[in-house]
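Hi everyone, thanks for coming. Let's take a few minutes to walk through a structure together, one region at a time.

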Amino acid sequence: MSKNLRHGFKAYAERKSLELRKALNLFAHQYMPARKLATHLGVRIVSPLSIKGLTQNAIEAITDPDSGFSAVTILAQPTPFIIYNHKHTPARQESDLMHELAHLIEDHSPVSFTMMGKLPCRSFNPSHESEAEWLGGCLQICRDGLVWAIREGLSDSEIAEHFGASLEMVQFRRRMTGVDRQIQRNRR
Ligand SMILES: [Zn+2]
């Protein structure tokens, strides 16, 4: 997945995560809730349950575990909004929302629209998907925050809890950022 990323994007994503944390008066090691970031960016977060005109059947269909639905951004005026799958775990919702926010932060242009009921939903090219995937993870757990957590002696599940992230996300970030190697080196 990360091989699709353009040169320098990973370092940029870390800077972006720190910059947005700073705007919210948060340190690198603090949890940045996706909903708080959305408010800062002027994006509304909407549960399918609160969308007028979606029938109970439609709601069941899109939030069914087999539907594969995570979240989708609707470019509405005056503010865009993100519809998310309220049946996902809170940790999964965080990553779903951060992914969508990453597309908005990067101002990715959709390559096509598919209709979800009467709502136009965007889809992106693979490199933009990779960027949103990567930046979304950085927004949840930035590298400096991860280094802090490991030095504090937190276990993976404690790190997950601390950042409101899934265990898989913690393990993914540890693996991909090489923080453990960095900490080992500094200890020698
Ligand atoms: Zn995406």
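**A walk through the model**

Let's begin with Ser47, which is in contact with Tyr84 and His86 once we leave aside its neighbours within four places in sequence. Keep in mind as we go that this is a predicted model. Where does Ser47 lie? You'll find Ser47 in the loop between β1 (44–46) and α3 (56–63). And is Ser47 buried or exposed? Its relative accessible area is 13%, so Ser47 is buried.

Now, on to the helices. Please find helix α4, residues 90–105, and helix α5, residues 126–140. Their axes are 8 Å apart, and the two helices pack at an angle of about 125 degrees. Who meets whom? On the α4 side we have, among others, Ala91, Met98 and Ile105, and on the α5 side residues including Ala132, Leu135 and Leu139. By class, the residues of this contact of α4 with α5 are seven nonpolar, six polar and three charged.

Helix α5 has another partner to show you. Helix α1, residues 9–23, packs with α5 at an angle of about 40 degrees, with 9 Å between the axes. That makes α1 oblique to α5. The crossing of α1 and α5 is right-handed. Among the α1 residues in this contact are Phe9, Ser17 and Leu20, and they face a set in α5 that includes Trp134, Leu135 and Leu139. This contact of α1 with α5 has seven nonpolar, two polar and five charged residues.

Next, the core. Which residues have the most contacts inside the largest nonpolar core? They are Met32, Leu37, Leu135 and Leu139, in a core of 38 residues. Setting aside neighbours within four places in sequence, Met32 is in contact with residues including Leu20, Leu37, Met98 and Leu139. There is also a second, separate core of nine residues, with Val46, Ile62, Val72 and Ile74 among them.

One last stop: Gly145, in helix α6, residues 143–151. Gly145 has 0% relative accessibility, so it counts as buried. Not counting residues up to four places away in sequence, Gly145 touches Ala28, His29 and Phe163.

Definitions and conventions:
Residues are numbered from 1 along each chain as its sequence is written. This is a predicted model: local features need pLDDT of at least 70, side-chain atom pairs count only at pLDDT 80 or more; totals for chains, interfaces and linings use all residues. Side-chain values use heavy atoms; hydrogens and water are left out. Axes are lines fitted to C-alpha atoms, for helices over the stretch in contact, and angles run from 0 to 180 degrees between N-to-C directions. Helices (H or I, at least four residues) and strands (E, at least two) are DSSP runs, numbered from the N terminus. Contact means heavy atoms within 4.5 Å. Ala, Val, Leu, Ile, Met, Phe, Trp, Tyr, Cys and Pro count as nonpolar, Asp, Glu, Lys and Arg as charged, and the others, Gly among them, as polar. A nonpolar core is a set of buried Ala, Val, Leu, Ile, Met, Phe, Trp, Tyr and Cys residues joined through side-chain atoms within 4.5 Å. Buried means under 20% relative accessible area, exposed over 50%, partly exposed in between (1.4 Å probe, protein chains only). Angles under 35 degrees count as roughly parallel, over 145 as roughly antiparallel, 65 to 115 as roughly perpendicular and the rest as oblique. A crossing is left-handed if the near helix is turned anticlockwise from the far one by less than a right angle, and right-handed if clockwise.
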